Amino acid sequence: SEPQVLFDALEDPEFCTAWLDGIGRRKRWRGQAGELRGGTTKAFRAVRGDPETKLPATLLHAEQSNSSVAYGDRLVLKLFRRLSVGTNPDLEVGRFLTERTEFSQVPTTAGFLEYRAARSEPITIAVLQNWVVNEGDAWHWTRDHLMRFYEDALVAHHDERPPASGALLLERSEGPPPPTVVLEMLGSFLETMRLLGRRTGELHLALASDREDPEFAPERFSTLHQRSLYQSMRNLSARTLDTLRANLASLSPESAGDAQRLIAAEDQLGERFRGVLGERIDALRIRCHGDLHLGQVLFTGSDFVIIDFEGEPARPLGERRLKRSPLADVAGMLRSFDYAARGFLMDFARAGTIRAEDVPALEPWSAMWTSWVSSAYLRAYLRAVEGTNLVPGDRRQLETLLAVLLLEKAVYELGYELNNRPSWVTIPLRSILALIEPAEPGHGSKQ
């Protein structure tokens with residue numbers, strides 16, 4: 001028999017070009033059980049440009065959970081590797097923002113590929129967006145800033161201790177400007193984080209702008225939803241602590257000690273989640289980003305573009321399409337600041353960029369950085385959504401809701417790290433322990 005070759009068709013430029021042409025022509029490819037079809041949005045013609053212009057197809061090899069093909073410097077086709085019945089939120093939300101809002105800090109959704117079997121919902125195969133010129137994602141941009149920050153702390157401030165942040169996160173975001181040393185060391189980075197906070201708020205205002213579409217219309221919190229949220233958090237923490245117990249023997253001595261403390265504090269963890277119960281929270285639930293962090297934001301040099309609206313891929317599609325408090329996105333970004341500060345310090349020490357013996361002296365500076373970056377971001381976000389009822393107007397309710405969402409995110413991170421990156425498990429472990437420690441009345445997030 002003839003030799004057979006199995007290869008990835010995305011490596012073939014002609015195959016990729018055929019898909020772009022198929023999307024533009026709204027072509028249908030019929031199969032035995034269903035059909036694959038291309039579709040466009042109202043923005044396709046403007047984004048595609050002259051249809052006679054050839055756009056060379058190039059498979060991108062960046063590390064990510066999907067496959068992407070670039071067409072010249074105009075378009076990117078993102079193909080989803082994990083498929084689920086139903087419209088992928090990246091297409092659904094991207095199309096909504098493109099066609100029905102004025103929010104421009106996201107990629108323009110130009111088209112899509114979907115597969116539909118007989119009498120079944122469509123399965124999103126790929127989404128076509130414009131190419132965003134950028135300087136990289138905010139995660140790597142923040143890494144470069146933190147390297148300079150830690151060097152400055154060691155060289156120019158080696159005989160100082162950072163100013164204590166004192167107040168809790170929400171209090172800092174409402175309080176006076178940062179101390180002089182913070183302004184000197186963080187410089188324009190704080191202002192850039194304020195811009196990111198404002199853009200996050202503007203995104204949520206756009207997502208809440210259609211009161212008629214049942215898929216996007218904001219909904220008020222209810223006591224039933226709050227109980228469902230509590231139960232979901234309790235189930236998540238139970239699963240995660242079971243995984244933690246099963247992995248105790250493989251953790252480093254330092255992480256194992258923190259893990260034992262958390263296991264012993266399981267009741268405290270549950271009690272913190274109970275904060276979401278009780279009186280009805282006066283706020284709205286909307287469609288959100290679903291997995292917002294520094295890696296989901298592109299830095300253009302002067303602004304930010306928010307990408308990847310598919311949500312956390314490990315969660316079922318139906319769960320990713322649920323309406324939630326927009327503070328869930330805020331909590332994701334706040335946790336990302338903590339991850340950046342602690343994680344990059346660990347990485348720099350492992351790589352020898354920073355001496356291991358200097359790490360203890362830098363840890364308080366790392367905490368200071370997280371405190372003030374977080375408060376700058378949160379202050380700008382809250383100003384952007386002020387008076388809209390997207391978040392609780394009552395300060396106590398705002399504090400409580402943000403605290404439980406931060407805790408939920410940290411518990412989710414712990415489960416992720418245990419399964420994928422055990423060397424980083426100390427970051428969510430220590431964050432959870434800090435979040436469940438007894439605090440003064442009116443406790444809020446300590447991030």
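This is a predicted model: local features need pLDDT of at least 70, side-chain atom pairs count only at pLDDT 80 or more; totals for chains, interfaces and linings use all residues.
Visitor: Over how many bridges do β2 and β6 pair?

Guide: Happy to start there. Strand β2 covers residues 34-40, and strand β6 covers residues 109-117. Leucine 36 stands opposite tyrosine 115 in β6. The two strands pair in the antiparallel sense, and the number of bridges is 7.

Visitor: Which residue is the bridge partner of glycine 111 in β7?

Guide: Strand β7 spans residues 123-130 and pairs with β6 in the antiparallel sense, over 6 bridges. The bridge partner of glycine 111 in β7 is leucine 128.

Visitor: Which residue in the hairpin of β6 and β7 takes a positive phi?

Guide: Good one for anyone who likes torsion angles! Most residues other than glycine have a negative phi. The hairpin has 5 residues between the strands. The residue with a positive phi, near 55 degrees, is arginine 119.

Visitor: Is arginine 26 buried or exposed?

Guide: Arginine 26 lies in the loop between α1 (13-24) and β1 (28-30). Its phi is positive, about 55 degrees, although arginine 26 is not a glycine. The relative accessible area of arginine 26 is 54%, and the cut-off for exposed is over 50%. Arginine 26 therefore counts as exposed.

Visitor: And what does aspartate 308 count as, at its relative accessibility?

Guide: Aspartate 308 sits in the loop between β11 (304-306) and α11 (317-320). Its phi is near 60 degrees, a positive value in a residue other than glycine. Buried means under 20% and exposed over 50%. Aspartate 308 has 22% relative accessibility, so it counts as partly exposed.

Definitions and conventions: Residues are numbered from 1 along each chain as its sequence is written. Side-chain values use heavy atoms; hydrogens and water are left out. Two strands pair if DSSP finds at least two bridges between them. Helices (H or I, at least four residues) and strands (E, at least two) are DSSP runs, numbered from the N terminus. Buried means under 20% relative accessible area, exposed over 50%, partly exposed in between (1.4 Å probe, protein chains only).
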